[in-house]
Amino acid sequence: MTGRRVAVTGVGVVAPGGIGAPAFWDLLSNGRTATRGITLFDPDGFRSRIAAEVDFDPTEHGFTEDEAARADRYIQFALVAAREAVADSGLELDGESAWRTGVSLGTAVGGTTRLEHDYVDVSQRGAWWDVDHRLSSPFLHRAFTPATLASAVAEQTGARGPVQTVSTGCTSGLDAVGYAVHSIQEGRMDVCIAGASDSPVSPITVACFDAIKATSANNEDPAHASRPFDADRDGFVLGEGGAVLVLEELERARARGARIYCEIGGYATFGNAHHMTGLTAEGLEMARAIETALAQARVDAREIDYVNAHGSGTKQNDRHETAAVKRVLGDHAYRTPMTSIKSMVGHSLGAIGAIELAACVLAMTHHVVPPTANYETPDPECDLDYVPRTARKHTLRNVLSVGSGFGGFQSAVVLTQPKEVRA
Amino acid sequence: MKSRTAGPVAAITGIGVVAPNGIGAEAFWKATQAGDSVLDRVTRQGCEHLPVRVAGEVRGFDPGSLVEERFLVQTDRFSHYALAAADLALEHARLGRADYADDPYAVGVVTAAGSGGGEFGQRELQRLWGRGPRYVGPYQSIAWFYAASTGQISIRRGFKGPCGVVCSDEAGGLDAFAHAVRAIRQGSQAMLVGATEAPLAPYSVVCQVGYEGLSTGDDPERAYRPFTAKACGFVPAEGGAMFTVEDAAEAVRRGAPVRALLAGHCATFTPPGRPEDSEGLAHAVRGALREAGCAPEEVDVVFADALGTPEADAAEAAALREALGAYGSKVPVTAPKTGTGRAYCAAGTLDTAAAVLALEHGVVPPTPNVFDVCHDLDVVTGSARVAPVRTALVLSRGRMGSNAALVLRKGP
Amino acid sequence: MSDRLTMEELAALMKSAGITVDPAELTSRPDSRFDDYGLDSLGLLGIVGELENRRGRALPTDADRCKSPREFVDLVNNSLMTGA
């Protein structure tokens, strides 16, 4: 690369149990869970009837009725998170800097909730294949095109550089931020509004995970249903939300006196070329992503202070990434806290990678590792330090965040405390 | 895209096309060069009554003869096109398993997708709402989403390199090339890159009805006529193209055909609702030329976005004049997509395929159905124009505001 | 007993997962692994779901973890008998 470095100068979060970065951090650092019985639709008849939902009223966040109708829920999350992140960073765009500012946002399922809603109308509840366009709502085309996500945030922010929506399943958030980091390093832009958003709690998405038994069916105890790394885990709990970071070329951020939370120095992604939903027990491809991201950030594996895990709570995932982290960190893995915030905020598909990066940024600010809630019974195949239930003070210089997605995507991001001189 | 950092130069070595006017690069080029229009009345089952009357349908495509049944049952039509096009692109580049068997991480996949597996999704929605949650099948979780094609290509061919998905609007098809170029610069040996779309399913068509600029004309010869006084919008299309992109030096070393160099790319944003705005596209053109180290007069042909609304056509003509100066009115401009329709994200990839073939053959293909140009542009109409073509500029604008420009140079 | 799962029905169900196999082959090699026929975990989950819908009752939770046609047919038929 060219020596250009990337700083995080703003954070915005809309998460279950906490809207805004302070409320989100309060939830995480206290180990509270936001998983509950689904309220966004009547889940009667579904196998999994639980989710981590955001209590979000668009009018409380300044949306007029028209604006709320025009922007799907996942876009509303992104707009609110982006507004917070930009305000936090003190970023101001003028005529010239607007062209040097991009947007890179991820989403796994985009506007599917709206698409399903209108489908029900135009098909008369699934009665017709020959659907009737006259029964659809006026903004349906905006839900059809996931590009609406990045477009809406660019419009709000005034960015006129590269604007893209990224959709690599459950690594969308990490990948959207990773692409932004590489683009700034390459000199294609100086600033990027990067993150991800999803609002997948709808019948079709719940049903599709029911069909492959990927989600937890612990409907009797929703608050304790998301149990990453625990021997009794039985699948992930669907979530929703969004998070946005302001990424900025380091010297630019310093020159304007911006608060620098941390740097993002490395990102890599690889395909496992194995199976659309299945993971190997060895985690070789994730290990490769971790090694590559560490090399970019010039961080040694033994210098990692915290691993923010994908930790979805499926049998295969938690075993897979435990193996991958051990493969790269070696003995150091046993001394390194590794936690999954999905235990608290659920798995919001494409959004979660960005929400997890926001958690990493806040953890590095506070030097506190958020816990893995609900962790009680060790699994012999998952034998690392998962920081059960209670947050822990820990000096955080270098942090690793990893993710896995349907389609075989394996991604890793390395965050570091800002350093004057990098060895 | 070589000027920013020294290092590998990315080259297109293989083209795989599944388009309304032909399957395979050869058939596609034959129809494109001849200026054949294959726009026709929509015949897809369940779409006939909808207000989109004319489109570019891929006909005569038999996925079962190209892709294994177990991949077909778990994917939508858009991925069928992608899997077949990826095979064609690899074959065209003569890149086989033996070339990467030692290092599966050396080859990655990037696709762009504007709407995902809509037809598959509609079928499963019908099961859910018509019969109940337990009737949703296991493949809905992997067929509808935008990442389906990248994942399936990676799995089917054993590619473990960087895998990505851009689900931007139309311009995303060109942005996918920028991702591939970055991967090559970072050390990947080869990338499969491109986009395919399948927006012609009943519910997907319903979802497009709200697009500004969508043509509702029912005469295939008149429904999509950009740059004319009769411009009345665009017609949609399905299909697309995949490409094998390689480190040019590596490609030469293994004796592969270097068909074109990916010399420059730039993306910008124009807030939606400003169809008359030319600034964003002009900025993208200037950026792509700068990266390619290319003077305006070196551009031998422009593959236009050609949206087909009066304001957008005027803005595109203005953008070319802003970015290329007086030469903007002189450079040959073509829009072969008037004969096939706009395949959303895949439109830019089909234009890129046509541009690479134009470089190879020294021929600028014409713009079907367009005769009476009313803008200050040299639009190639009627028949193809034989001319030395060393540099091509491909433009794309998205319905949600993205602009992209891609500069292709003839190989050494 | 008409509810019993036969190799013919299983072969037809495998076809919906994109796997073409002759019922006679399933009968003659019932212990070959589903993997070897090309049927993956999602394919088997789809077969279990379809059977549950056809029979109108749930199959044992480990049905989708069966490794071979014989194991699967035996488990399904045993559960149908005890359930009857």
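Trainee: What should the 14 residues of helix α11 of chain B span, at 1.5 Å a residue?
Mentor: Keep in mind that we're looking at a predicted model here. The helix runs over residues 279–292 of chain B, and its end C-alpha atoms are 20 Å apart.

Trainee: How many residues of α11(B) are buried?
Mentor: Go along the helix and you'll find G280(B), L281(B), A282(B), H283(B), A284(B) and V285(B) among the buried ones. G287(B), A288(B), L289(B), E291(B) and A292(B) are buried too. So α11(B) is largely enclosed by the rest of the structure, and the count of buried residues out of 14 is eleven.

Trainee: Which element of chain A do the buried residues of α11(B) pack against?
Mentor: Within chain B, they pack against β9 (260–269), α12 (310–324), β15 (391–397) and β16 (402–410). Just after the helix, by the way, G293(B) takes a positive phi of about 60°. As for chain A, the packing partner is α4 (95–99).

Trainee: What radius of gyration does chain B have?
Mentor: Chain B has 13 helices and 16 strands, and its C-alpha atoms fill a box of roughly 65 × 55 × 35 Å along the principal axes. Buried residues make up 69% of its 412 residues. A compact globule with 412 residues would come out near 22 Å, and chain B agrees with that at 20 Å.

Trainee: Which element gives the most to the side of domain 1 of chain B that touches domain 2 of chain B?
Mentor: Chain B is divided into domain 1 (10–260) and domain 2 (263–410), with 21 Å between their centres. In the contact, 60 residues of domain 1 of chain B meet 58 residues of domain 2 of chain B. On the domain 1 side, β1 (10–19), α1 (25–34), α8 (172–185), β7 (190–197) and β8 (239–247) of chain B each supply at least two residues. The top contributor, with seven residues, is α8(B).

Trainee: Where does the largest share of the side of chain A that touches chain B come from?
Mentor: That contact takes 69 residues from chain A and 68 residues from chain B. Elements giving two or more residues to the chain A side include α5 (112–122), α8 (172–186), β9 and α11 (284–297) of chain A. By class, the chain A side has 33 nonpolar, 26 polar and ten charged residues. The largest share is seven residues, and they come from α9(A).

Trainee: How many residues does chain C give to the contact with chain B?
Mentor: Chain B puts in ten residues, and by class these are five nonpolar, two polar and three charged. Chain C's own contribution is twelve residues.

Trainee: Which residue in the turn between β14(A) and β15(A) has a positive phi?
Mentor: β15(A) pairs in the antiparallel sense with β14 (398–405) of chain A over eight bridges, where N398(A) has T416(A) as its bridge partner. β14(A) and β15(A) form a hairpin with three residues between them. The turn residue with a positive phi, about 105°, is G407(A).

Notes
Residues numbered from 1 in each chain as written. Chains lettered and ligands numbered in written order. Predicted model: local features only at pLDDT ≥ 70, side-chain atom pairs only at ≥ 80, totals over all residues. Contact = placed C-beta atoms within 7 Å. Nonpolar A, V, L, I, M, F, W, Y, C, P; charged D, E, K, R; others polar. Pairing = 2+ DSSP bridges. Helix = DSSP H or I, 4+ residues; strand = E, 2+ residues; numbered from the N terminus. Expected span 1.5 Å × (residues − 1). Buried ≥ 20, exposed ≤ 12 C-beta atoms within 10 Å, placed from the backbone. Rg over C-alpha atoms; globule rule 2.2 N^0.38 Å. Domains from an automatic or database assignment.
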